[in-house]
Amino acid sequence: MASSAQRRILPILKPALGRVLSGGGIYLIFVGVFALLTLIGIVAGIHALFIAGTRHAYGTYREIPVAILISTYIFFVVASTGLCLISSLGHVFGFPSLLPIARRSVYLSIITILSGFLVIGLEIEHPFRMAIYNILSPNLSSNIWWMGTLYSFAMVFLIIEFIFLWRGTHGKAVIAGLLGVITEVAANTNLGGVFAMMHGRSFWYGQYLPFYFLLSALVTGCAFIIFFVVSAHKINRLVIDEMTAKALEVVGKLAVFFLIIVMIFTSWKMLTTSVGGVSAVEAMKALVTGPYAFNFWAIEVLAGMIVPLILLFMSRFKNILLMFTAATLMIFGIFFMRLDMVVVGQIVPLYYELGVAEFSRLHKYTPSIHEILVVLGGIGFCGLAFLLGEKIFAGFRKEDSIPAAEQTVTVPEAKEVP
Amino acid sequence: MKDNIPSGRKTGEEKREYPEDRERRNFLKMGLTVTGMLAGGTIISLISTIGKTFAFDAYREKYPYKPHYSMVIRQDRCIDCKRCLEACVSTNHVPDYGWRTIILKRELSASIDQKWDFIPILCNQCNNPPCVRTCPTRATYKDKKNGIIMMDYKKCIGCKSCIMACPYNARYYNEKRSAIDKCDFCFESRLSKGLKNVACAEACPADARVFGDLSDPGDRVFKLIHQLQKPVWVLREEVGAKPNIFYMKG
């Protein structure tokens with residue numbers, strides 16, 4: 001059995017390894033750096049969970065029980081949903097111009113879920129108990145249970161979809177892709193529901209967050225696709241072919257469309273909250289004029305929304321460098337958007353309105369070194385998996401992956417940079 | 001013809017509701033609400049407390065658990081001596097980095113006599129508990145018999161979502177137990193061993209904490225909550241968690 005498996009896997013692994021090793025000096029340096037970040041992140045997380053104790057190692061505490069690790073998890077899994085949805089537009093829902101980015105997007109969707117799972121696995125006190133009791137003692141009224149379970153299923157569907165896409169069995173890939181989309185959307189909105197159904201936290205509570213999570217997933221998906229597709233062509237030393245450029249143009253336009261809706265949403269969230277209860281108003285004040293104002297205005301709004309919007313318009317969706325810069329800024333802004341959403345929802349003490357001395361000031365949160373290392377570990381893993389994937393799957397270029405009969409556009413081989 | 005008779009009492013139909021009765025009741029409700037608001041800001045009157053705290057009107061007379069454990073905190077009696085906290089810590093082995101109950105202090109700057117208000121807080125053993133709904137593994141649950149929110153420590157994965165969900169800041173992560181810990185009305189340490197009172201209430205020299213069975217009309221808790229003279233309120237009523245810790249003065 002082992003020898004037959006070896007016979008099947010070795011012919012695939014050997015050339016893949018060869019491609020990785022011949023990736024060039026800079027490529028290998030990046031692989032090394034990301035591998036090191038992943039390792040350090042895992043070691044830091046294990047140290048925090050099993051040796052030092054999270055109370056000492058993480059910056060969270062009773063009043064701020066979840067913070068940057070959960071927001072990083074959200075950042076990754078929401079990106080996964082976005083990648084899955086945008087990629088599905090091409091090969092599941094039949095928008096031909098998006099076909100050239102399908103395989104890479106599905107792969108990215110898988111590795112972003114895995115990156116999220118890595119980070120949350122180092123955040124939860126007992127990840128092994130979770131594996132056991134999520135199955136043995138499920139709480140069907142829990143959004144967290146649904147979110148975790150659905151994302152696990154989504155990952156399985158995405159892997160199946162990717163295999164089918166790779167093998168060129170497009171029909172089966174569509175079914176798996178559709179299942180992936182359904183579970184991703186359900187998981188994503190349940191993740192929004194985790195916060196939206198906390199009726200003791202007025203900043204989060206309400207129907208706004210599940211829809212916002214889905215909408216911001218689409219923005220994140222677009223940004224990730226532009227960022228990684230351009231990076232991939234750099235890594236593989238290829239010029240972006242016409243069809244991929246067309247796909248990026250469509251993704252860029254979608255990014256603008258969804259970004260504008262997110263901006264409208266954010267504005268109305270601010271306006272409606274400003275006339276809400278005392279706690280919600282205090283949280284919003286902290287975000288807009290208080291300790292989180294820089295994060296909000298400079299990073300979320302300016303760097304994450306306004307500048308990318310201007311750059312995307314300036315690029316006319318053809319200037320790859322401007323689009324890449326816009327996508328990078330969007331990703332940066334979205335990371336802080338998640339962090340602010342999670343932390344600001346908790347900084348107003350639960351007994352704030354009671355007027356008691358103990359809870360008369362807003363709570364503070366500063367990420368610890370351990371937390372930062374775990375976050376970098378998640379980013380490192382995502383980067384490492386991306387770099388390795390590019391070589392293992394040969395830049396996701398495979399002529400037979402989409403049967404010619406089912407193609408409405410052809411995916412030409414990209415040309416190598418001389 | 002009967003419909004034209006202005007007062008139901010004339011016909012002996014005592015159960016029938018008449019507009020003037022309703023007006024009188026509304027007036028009484030309003031009076032109690034105003035009294036409550038003057039006394040503490042977040043106060044609601046007895047009638048509205050019972051009506052809003054529990055899901056159905058039937059709960060005014062019938063509570064869903066037997067015994068339906070509850071606590072009345074007579075806020076003005078608390079002198080912040082902290083004996084209740086010491087009793088809780090020693091009885092339930094609460095570590096120094098956590099708490100199951102604490103006493104909050106509110107400055108009454110406008111008051112001409114008492115300058116501080118002391119407000120003991122603990123798990124509200126809610127009838128609509130957000131922590132139970134959010135726990136992915138049912139590690140925290142509401143006991144079907146007595147209504148106490150319990151912990152099944154071995155199932156706790158430490159995701160801390162229950163801490164996030166709790167509107168009363170009643171939970172913390174206990175390293176020794178490797179799980180979330182919270183007040184269980186001393187069920188594990190006392191009630192399950194046949195004792196009738198919780199440690200904090202027993203230690204209180206001012207009788208500020210009264211623990212008992214809300215389903216028993218003869219119980220002190222029942223009597224304190226069902227009296228009409230003094231307003232009774234709950235904390236953070238707007239959350240809708242339907243707490244079982246009631247507050248009053250006097």
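Before we start clicking, one definition: two strands are taken to pair if DSSP finds at least two bridges between them. Also keep in mind that this is a predicted model.

**Stop 1: a hairpin in chain B**

Select residues 171-174 and 179-182 of chain B. These are strands β6 and β7, and they pair in the antiparallel sense over four bridges. Which residue of β7(B) is the bridge partner of Arg171(B)? Click on Lys182(B): that's the partner. Now look at the turn. Four residues lie between the two strands of this hairpin, and one to pick out in the turn is Ser178(B), with a positive phi of about 55°.

**Stop 2: the four-stranded sheet**

Stay in chain B and bring up β8, β1, β10 and β9. In that order they make an open sheet, and the pairing is mixed. What sits at the edges? β8 (209-213) and β9 (232-233) of chain B do, each pairing on one side only. As a reminder, strands of a sheet pair through backbone hydrogen bonds, either parallel or antiparallel. For an antiparallel case here, select residues 69-74 of chain B, which are strand β1: five bridges join β1(B) to β8(B). Within that pair, Ile73(B) stands opposite Arg209(B).

Zoom out to see chain B as a whole. Its 250 residues, 56% of which count as buried, include seven helices and 10 strands. The accessible surface of chain B is about 11,900 Å², with 55% belonging to carbon and sulfur atoms.

**Stop 3: over to chain A**

Colour chain A by secondary structure and you'll get 14 helices and zero strands. Of its 418 residues, 59% count as buried. Chain A has an accessible surface of about 17,500 Å², and carbon and sulfur atoms hold 74% of that. The corresponding value for chain B is 58%.

**Stop 4: a nonpolar patch**

Show the surface of chain A and select Phe93(A), Phe95(A), Ile175(A), Leu178(A), Leu179(A) and Ile182(A). Together they make a nonpolar surface patch of about 580 Å². Leu179(A) is in helix α8, residues 170-196 of chain A.

**Stop 5: a loop residue**

Next, Thr60(A), in the loop between α3 (54-57) and α4 (68-91) of chain A. Is Thr60(A) buried or exposed? It's buried, because its relative accessible area is 11%, and the cut-off is under 20%. Leaving out residues up to four places away in sequence, Thr60(A) touches Pro65(A), Val66(A), Ala67(A), Tyr365(A) and Glu371(A).

**Stop 6: where the chains meet**

Finally, show both chains. The contact takes 38 residues from chain A and 45 residues from chain B. Highlight Arg62(A), His199(A) and Tyr351(A): they supply 20% of the area that chain A buries against chain B, more than any other three residues. The area buried between the two chains is about 3,900 Å², and carbon and sulfur atoms give 53% of it. Three salt bridges are found across this interface. For one salt bridge to zoom in on, pick Lys105(B) and Glu358(A), where the closest N and O atoms are 3.1 Å apart.

Note on methods. Residues numbered from 1 in each chain as written. Chains lettered and ligands numbered in written order. Predicted model: local features only at pLDDT ≥ 70, side-chain atom pairs only at ≥ 80, totals over all residues. Heavy atoms only, no water. Patch = residues over 30% accessible without salt bridge, like charges linked within 9 Å, V, L, I, M, F, W, Y side chains within 5 Å. Areas by Shrake-Rupley, 256 points an atom, 1.4 Å probe, with all protein chains shown as cover. Salt bridge = Lys/Arg side-chain N within 4 Å of Asp/Glu carboxyl O. Buried < 20%, exposed > 50% of the residue type's maximum accessible area, 1.4 Å probe, protein only. Contact = heavy atoms within 4.5 Å. Buried area = accessible area lost by both parts, 1.4 Å probe.
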